[in-house]
Amino acid sequence: MKFGKEFSSQMVPEWQATYMDYSSLKILLKHIQHWKQKKGQPDTPALLQRALTLYRAFSGLLPRQNQRVKSFNDQDTENQAILVNSVKGNGSGKYETTFLITAEEGGEYEQQFFRRLDNELNKVGKFYRSRVKEVMEKAQTLSKQMDAFIAFRIKVEKVAAKFDRVDPSSSGIRSSPRMVAMNVFKGESQSDDSIKDNEKHTNHISQEIQEENSKNMMSTGSASLNVTKLMQRVEATFIKHFSNSNHSEGMNKLRPKTKKERHRISFCTGLFVGCTAALILALVWIIHARNILDNKGKAQYMENMFPLYSLFAFIVLHMLMYAVNIFFWRRYRVNCTFIFGFKQGTELGYREVLLMSFGLAALALASVISNLDMEMNPKTGDYKALTELLPLILVTFVTVILLFPFNILYRSSRIFFLTSLFHCICAPLYKVKFQDFFLADQLTSQVQALRSLQFYICYYGWGDYKRRQNTCKMNNVFNTFYFVVAVVPYLSRLLQCLRLLHEEKDPTQGYNGLKYFLTIVAVCTRTAYSLDKGIGWRMLAWICSAMAAIYGTYWDLVVDWGLLQRHSKNRWLRDKLLIPYKGVYFGAMVLNVLLRFAWLQTVLNLNVSLHREALTAIVASLEIIRRGIWNFFRLENEHLNNVGKFRAFKSVPLPFNYDEDEDRSD
């Protein structure tokens with residue numbers, strides 16, 4: 001890999017503007033090289049000729065005011081091409097490079113390069129010193145917080161001792177530490193001796209930080225040493241006061257270990273992939289060998305069994321897209337763990353998601369093959385009850401695993417998912433976090449899966465599953481819930497937008513809510529047209545769906561992805577990009593537009609050879625694929641620009657108020 005690509009991949013997105021402009025410096029070097037090749041001069045002469053020294057700028061007989069950086073070969077100054085000086089000014093330091101052979105032909109190009117190099121190096125140095133200064137100021141603030149914390153701890157212990165000396169017979173209630181703390185905060189005076197004791201215990205914590213902060217911050221090496229010592233001091237303080245001097249426990253909290261990749265996960269994933277591939281081949285062979293596509297039971301199977309099994313296809317496809325998202329988020333260093341709010345070390349990697357995806361796919365395919373015999377028993381005239389119950393058994397099994405309370409199969413991730421799902425269902429009663437509205441957006445792409453769950457209830461509750469017969473679509477209650485189930489995900493997202501609009505007073509949330517309202521209207525009109533093939537419903541479905549699709553496409557590209565910025569340095573994209581190939585963004589935009597208009601098949605009445613249920617499943621799968629593409633660019637934009645303002649804080653609020661003036665006023 002070239003250094004330029006590696007350099008850009010290692011950049012912290014929030015600090016990209018403060019890195020060296022490697023590409024511009026490289027362009028200048030190429031210009032110098034091209035000019036020398038054109039003039040027939042060697043790029044890197046082995047030794048500078050003596051005659052060239054006559055044209056150099058005179059470096060002086062006495063050393064400069066600020067000692068220059070020594071050259072590596074320690075030769076005489078007159079044999080050097082550049083002179084690097086460290087200059088102090090305005091409380092900061094910078095480097096200045098003097099090019100000593102500017103009088104040579106083409107020397108002005110090299111002088112321009114070194115001037116640009118100085119600017120880039122000084123920019124990096126200035127940024128580093130500002131960050132070190134900020135860290136030192138935070139260290140002083142934390143030192144005062146520790147003073148207040150230990151003073152509070154001493155006061156609580158003293159008050160607790162007074163309560164312990166009270167005769168138990170006079171009061172049947174023994175005060176707990178929490179009650180003591182509440183009494184302290186309610187207004188008991190704090191004695192001066194506790195403050196003195198506090199200073200005795202915590203003076204050594206702040207001493208070293210103040211000493212290090214008073215040192216000269218000019219040198220990058222000394223600044224780096226200061227930060228290293230400060231980190232060690234903070235770690236020792238945390239371990240002593242918050243981990244009961246348990247070093248391993250404290251370090252596990254401060255620096256959680258990265259999750260180790262387990263070979264058994266890779267092995268099991270490969271096993272399930274092989275099983276899935278083998279089952280797909282077996283399924284194709286059975287369909288071809290038995291000529292099932294021309295069987296008279298084909299229509300009955302598609303009307304009754306296909307909607308049941310399509311549920312697992314939608315779930316597996318969405319999980320596969322999520323695994324691909326995780327892979328590329330990690331590859332391009334999108335901090336998805338922080339944005340989603342996962343606990344460090346408990347988030348699922350793409351290997352774990354692939355494991356669950358192919359495991360579920362293997363179970364579903366095995367159930368399909370077991371249930372594929374569409375011939376009825378000639379004696380009883382019905383199907384085997386056990387094989388007909390396989391889809392219900394599989395759904396029940398997946399639900400039990402999802403709700404299983406014991407610590408198996410990624411319990412922390414299951415709890416995280418169920419919590420976010422509960423917040424989506426109860427919107428707008430809970431504060432909207434990024435993971436909540438992100439999950440609600442995923443559910444809007446799983447409308448057909450939710451309708452499949454509705455069909456499960458109707459088919460096994462009121463249908464004659466032993467004969468593969470149902471009257472669900474002729475039931476008014478079922479048709480009513482057919483509308484409701486499709487609207488619920490969009491309604492949840494709309495209520496979340498209204499909650500954010502009320503809290504943040506940001507009109508953007510209102511416009512976003514309008515998008516989901518238009519989508520609700522479009523879904524209802526298309527559903528009504530699918531149930532009642534009328535000209536009026538068709539025209540209304542056309543108008544509402546077109547408005548919702550155009551509005552949603554604009555919002556995806558401009559707001560969620562942050563693209564189509566005309567005056568951006570990456571024309572029609574945005575200033576900050578993680579993927580180095582701009583064609584990927586244009587291709588994703590085109591694909592998003594095409595997949596957005598997949599609903600056209602519901603109102604065009606296209607004459608295709610596919611069954612209606614199969615065509616519906618294909619359109620639903622295209623929407624899931626579109627959502628997977630949307631996920632990557634939405635999180636990339638959030639990572640780079642914080643468009644949702646869900647990570648607009650840099651530090652945790654501090655608990656204690658140590659301002660003496662405020663204490664006196666109180």
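A salt bridge is a side-chain nitrogen of Lys or Arg within 4 Å of a carboxyl oxygen of Asp or Glu. This predicted model holds 19 salt bridges. Side chains of opposite charge can pair when their charged atoms come close.

Start with Glu388 and Arg468. They form a salt bridge, and their closest N and O atoms are 3.0 Å apart. Glu388 sits in helix α13, residues 385-388. Arg468 sits in the loop between α17 (447-462) and α18 (476-504). The two residues are 80 apart in sequence, so their pairing ties together separate parts of the chain. Are these two residues buried or exposed? Both Glu388 and Arg468 are buried.

Now move to Asp556 and Arg626. Here the closest N and O atoms of the salt bridge are 3.1 Å apart. Asp556 belongs to helix α20, residues 535-560, and Arg626 to helix α23, residues 612-641. Buried means under 20% relative accessible area. Asp556 counts as buried because its relative accessibility is 2%. Arg626 is buried too, because its value is 2%.

Arg626 has another partner. Its side chain meets that of Glu623 in a salt bridge of 3.0 Å, N to O. Both residues lie in helix α23, 3 residues apart, so about one helical turn separates them. Elsewhere, salt bridges with shared partners join Asp21, Arg116, Glu120 and Lys123 into one network.

Next, look at the surface. Which residues gather there in a patch of positive charge? They are Lys2, Lys5, Lys26 and Lys30. Find Lys2 in the segment before α1 (3-9). Exposed means over 50% relative accessible area. Lys2 has 60%, so this residue counts as exposed.

A pair of aromatic rings is described by the distance of the centres and the angle of the planes. The whole structure has 28 aromatic pairs. One of them joins Phe340 and Phe438 edge-to-face, at 5.0 Å centre to centre and 70° between the planes. Phe340 is in helix α11 (residues 336-340), and Phe438 is in helix α16 (residues 434-444). They are 98 residues apart in sequence, so the pair ties these parts together. Phe340 is buried because its relative accessibility is 4%. Phe438 is buried as well, because its value is 6%.

Both rings also belong to one aromatic cluster. Among its other members are Tyr322, Trp329, Phe416 and Trp630.

Terms used:
Residues are numbered from 1 along each chain as its sequence is written. Side-chain values use heavy atoms; hydrogens and water are left out. Helices (H or I, at least four residues) and strands (E, at least two) are DSSP runs, numbered from the N terminus. Buried means under 20% relative accessible area, exposed over 50%, partly exposed in between (1.4 Å probe, protein chains only). Patches are made of residues with over 30% relative accessible area and no salt bridge: like charges are joined within 9 Å, nonpolar side chains (Val, Leu, Ile, Met, Phe, Trp, Tyr) within 5 Å. Accessible areas come from the Shrake-Rupley method with a 1.4 Å probe; for residues, only the protein chains shown count as cover. Lys and Arg count as positive and Asp and Glu as negative; His and the chain ends are not counted. The place of a charge is taken as NZ of Lys, CZ of Arg, CG of Asp or CD of Glu. Rings of Phe, Tyr and Trp (its six-membered ring) pair if their centres lie within 6.5 Å; planes under 30 degrees apart count as stacked, over 60 as edge-to-face and the rest as tilted.
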